[in-house]
Amino acid sequence: MPVKQVLAARTQNSRPHELVSRLARVEFSENGGAPIASVAGVELLETEGIDPQAVAARIEERREKLRAEVKRGEGKLSNEGFVAKAPANVVDEEREKLAAYRAELEELGG
């Protein structure tokens, strides 16, 4: 199994638990270059082998997908027929998904 590169990162507040950095494959330090992305209070720093344009493109691609999901969810929940006929748990799940998509989009500055 190939090992992915570890990115340099820093946080705006306190340092996260060691397991967070292992799972996210980031190294919390000040040894990187300029921030290339910021997600949920963690700045990913420019390091050797990381293409900032590729990172920006991937983040923008995710924003577009989230915007489409938000639009879809809003359309579904604004449909009175769906809300009236669907079981309450299905409507609640759609509301929860919509809230999660909005929150992630907000985190990505979207």
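Modeller: The answers below set computed values against the cut-offs behind the terms, for a model that is predicted.

Biologist: How many residues does the protein chain have, and what percentage of them count as buried?

Modeller: The chain has 110 residues, and 25% of them count as buried. Its accessible surface comes to about 7900 Å², with 52% of that belonging to carbon and sulfur atoms. Among contacts with a separation of 6 or more, 45% are accounted for by residues 24 or more positions apart.

Biologist: Why are H2 and H4 called roughly antiparallel?

Modeller: The axes of helix H2 (residues 52-78) and H4 cross at roughly 150°. Angles over 145 degrees count as roughly antiparallel, and H2 and H4 are therefore described in that way. Their axes come within 9 Å, and the crossing is left-handed.

Biologist: Which residues of H2 and H4 meet?

Modeller: On the H2 side they include Arg 63, Leu 66, Val 70 and Glu 74. On the H4 side they include Glu 94, Leu 98, Tyr 101 and Arg 102.

Biologist: What makes Glu 94 buried rather than exposed?

Modeller: Glu 94 has a relative accessible area of 5%. Buried means under 20%, so Glu 94 is buried. This residue lies in helix H4. Leaving aside neighbours within four places in sequence, Glu 94 is in contact with Arg 72, Lys 76, Leu 77 and Phe 82.

Biologist: Why does Arg 63 count as buried?

Modeller: The relative accessibility of Arg 63 is 19%. The cut-off for buried is under 20%, and Arg 63 therefore counts as buried. Arg 63 is found in helix H2. Apart from neighbours within four places in sequence, its contacts are Leu 105, Leu 108, Gly 109 and Gly 110.

Biologist: Why is Arg 102 called partly exposed?

Modeller: Arg 102 has a relative accessibility of 40%. Partly exposed covers the range between buried, under 20%, and exposed, over 50%, so Arg 102 counts as partly exposed. Arg 102 lies in helix H4 (residues 88-107).

Biologist: How do you know that a polar contact joins the side chains of Arg 102 and Glu 74?

Modeller: The computed distance for that pair of side chains is 2.6 Å. A polar contact requires N or O atoms within 3.5 Å, one able to donate a hydrogen and the other to accept it, and the side chains of Arg 102 and Glu 74 are joined by such a contact. Not counting residues up to four places away in sequence, Arg 102 touches Val 70 and Glu 74. Arg 102 and Leu 66 are 36 residues apart in sequence, and their C-alpha atoms are 7.5 Å apart in space.

Biologist: What makes Glu 27 partly exposed?

Modeller: Glu 27 has a relative accessible area of 43%. Exposed begins over 50% and buried means under 20%, so Glu 27 is partly exposed. Glu 27 lies in strand E2 (residues 26-28). Between Glu 27 and Leu 45 the C-alpha distance is 9.8 Å, and the two are 18 residues apart in sequence.

Terms used. Residues numbered from 1 in each chain as written. Predicted model: local features only at pLDDT ≥ 70, side-chain atom pairs only at ≥ 80, totals over all residues. Heavy atoms only, no water. Buried < 20%, exposed > 50% of the residue type's maximum accessible area, 1.4 Å probe, protein only. Contact = heavy atoms within 4.5 Å. Areas by Shrake-Rupley, 256 points an atom, 1.4 Å probe, with all protein chains shown as cover. Helix = DSSP H or I, 4+ residues; strand = E, 2+ residues; numbered from the N terminus. Axes fitted to C-alpha atoms, helices over the stretch in contact; angles between N-to-C directions. Parallel < 35°, antiparallel > 145°, perpendicular 65-115°, else oblique. Left-handed = near helix turned anticlockwise from the far one by under 90°.
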